[in-house]
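Visitor: I've never looked at this one before. Could you walk me through it and let me ask how you know things?

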Amino acid sequence: MTHALIVIDVQNDFCPGGALAVAGGDEIVAPINAMMDEFDAVILTQDWHSAAHSSFASSHTGKAPFEMIEMPYGPQVLWPDHCIQGSHGAAFHPALRTDGDLILRKGFRPAIDSYSAFFENDHKTPTGLKGYLDTRGIDRLTLVGLATDFCVHYSAVDAAKLGFDVTVLMKACKAIDMDGSRAAAENAMRASGVVLA
Ligand code: VGL
Ligand code: ZN
């Protein structure tokens with residue numbers, strides 16, 4: 001099998017000091033760097049939002065971060081402004097190796113969020129990653145990064161649905177964990193056939 005490492009959103013805004021900091025987010029950088037050479041391909045994703053993105057609470061009057069809203073494509077958590085295109089917060093953690101094969105940006109369409117590296121939050125609009133993996137003959141994926149319960153979770157479930165052999169390396173992931181989202185994500189990933197290692 002051809003085995004790719006997919007490093008999800010290891011960006012300043014998801015690390016301590018960032019706008020949507022995940023506790024211990026920076027602790028996974030060294031282990032991720034160390035494992036990169038073991039894979040046939042390394043792909044990094046980058047959350048890459050337009051300013052005033054519709055997933056930001058600040059774009060909706062009277063709404064606060066971490067509230068839910070109903071979008072045309074379904075329920076959406078409202079986030080603090082984060083990972084704005086070209087900002088320091090959107091840059092990869094400075095210690096992360098970025099000498100991988102592909103950097104895939106997502107969440108750049110103002111009207112729709114994209115947790116998954118494969119589909120935007122309507123679960124229909126493709127990012128193009130499947131085509132990239134297929135044309136390179138990659139059939140096995142290991143996912144690491146931030147956050148376990150959002151972008152890693154949705155990417156892993158979509159990857160499994162698309163037929164990839166998927167492992168999430170839990171020790172190289174960190175969760176936001178709002179309202180039990182970490183446990184729910186672990187259950188959903190297992191139910192989709194993702195191996196949690
Ligand atoms: C993420 C919330 C909003 C993530 C991205 O990378 O898990 N979470 N945008
Ligand atoms: Zn985001």
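Predicted model: local features only at pLDDT ≥ 70, side-chain atom pairs only at ≥ 80, totals over all residues.

Visitor: Let's start with the metal. What makes a residue a donor of the zinc ion (ligand 2)?

Guide: A donor is an N, O or S atom within 2.8 Å of the metal. The protein donors here are Asp47 through OD, His49 through NE2 and His82 through NE2, and they lie 2.0 to 2.2 Å from the zinc ion. Those distances are within the 2.8 Å limit, so they count as donors.

Visitor: Why is the site of the zinc ion (ligand 2) called irregular?

Guide: It has four donor atoms, with angles of 88 to 169° among them. To count as tetrahedral, all angles would have to lie between 85 and 135 degrees. Water is not among the atoms, so sites may look incomplete.

Visitor: How are the donors of the zinc ion spaced along the chain?

Guide: They follow D-x1-H-x32-H. Histidine 49 sits in the loop between strand E2 (41-47) and strand E3 (68-71), while histidine 82 sits in the loop between strand E4 (74-77) and strand E5 (102-106), so the two tie together parts that are 33 residues apart in sequence.

Visitor: How do you know whether histidine 49 and histidine 82 are buried or exposed?

Guide: Buried means under 20% relative accessible area. Histidine 49 has 1%, so it counts as buried. Histidine 82 has 4%, so it is buried too.

Visitor: On to ligand 1. Which residues surround ligand 1?

Guide: Among them are Asp9, Phe14, Leu20, Trp79 and Phe150. Asp47 and His82 are on that list as well, and both are also protein donors of the zinc ion.

Visitor: Now the rings. How many aromatic pairs are there?

Guide: The count is six aromatic pairs.

Visitor: Why is the pair of tyrosine 115 and phenylalanine 150 called edge-to-face?

Guide: Two rings pair if their centres lie within 6.5 Å, and planes over 60 degrees apart count as edge-to-face. Tyrosine 115 is in the loop between E5 and helix H2 (129-135) and phenylalanine 150 is in helix H3 (residues 148-161), 35 residues apart. Tyrosine 115 is buried at 8% relative accessibility, and phenylalanine 150 is buried at 8%.

Visitor: What makes the pair of phenylalanine 118 and phenylalanine 164 tilted?

Guide: Their centres are 5.9 Å apart and their planes are at 35°, so the pair is tilted. Stacked would need planes under 30 degrees apart, and edge-to-face over 60. This pair also links distant parts of the chain, 46 residues apart.

Visitor: Which residues form one aromatic cluster?

Guide: Phe66, Trp79, Tyr115, Phe150 and Tyr154.

Visitor: What stands out about the bond between leucine 146 and alanine 147?

Guide: It is a cis peptide bond, with omega at about -15°. Most peptide bonds are trans, and most residues other than glycine have a negative phi. Cysteine 83, though not a glycine, has a positive phi near 50°, and histidine 123 has one of about 65°.

Visitor: Last one: why is proline 126 called exposed?

Guide: Exposed means over 50% relative accessible area, and proline 126 has 52%, so it passes. Proline 126 lies in the loop between E5 and H2.

Conventions. Residues numbered from 1 in each chain as written. Chains lettered and ligands numbered in written order. Heavy atoms only, no water. Donors = N, O, S within 2.8 Å, 3.2 Å for Na, K, Ca; no water. Tetrahedral: all angles 85-135°; square planar, octahedral: opposite > 155°, others 65-115°. Helix = DSSP H or I, 4+ residues; strand = E, 2+ residues; numbered from the N terminus. Buried < 20%, exposed > 50% of the residue type's maximum accessible area, 1.4 Å probe, protein only. Near = heavy atom within 4 Å.
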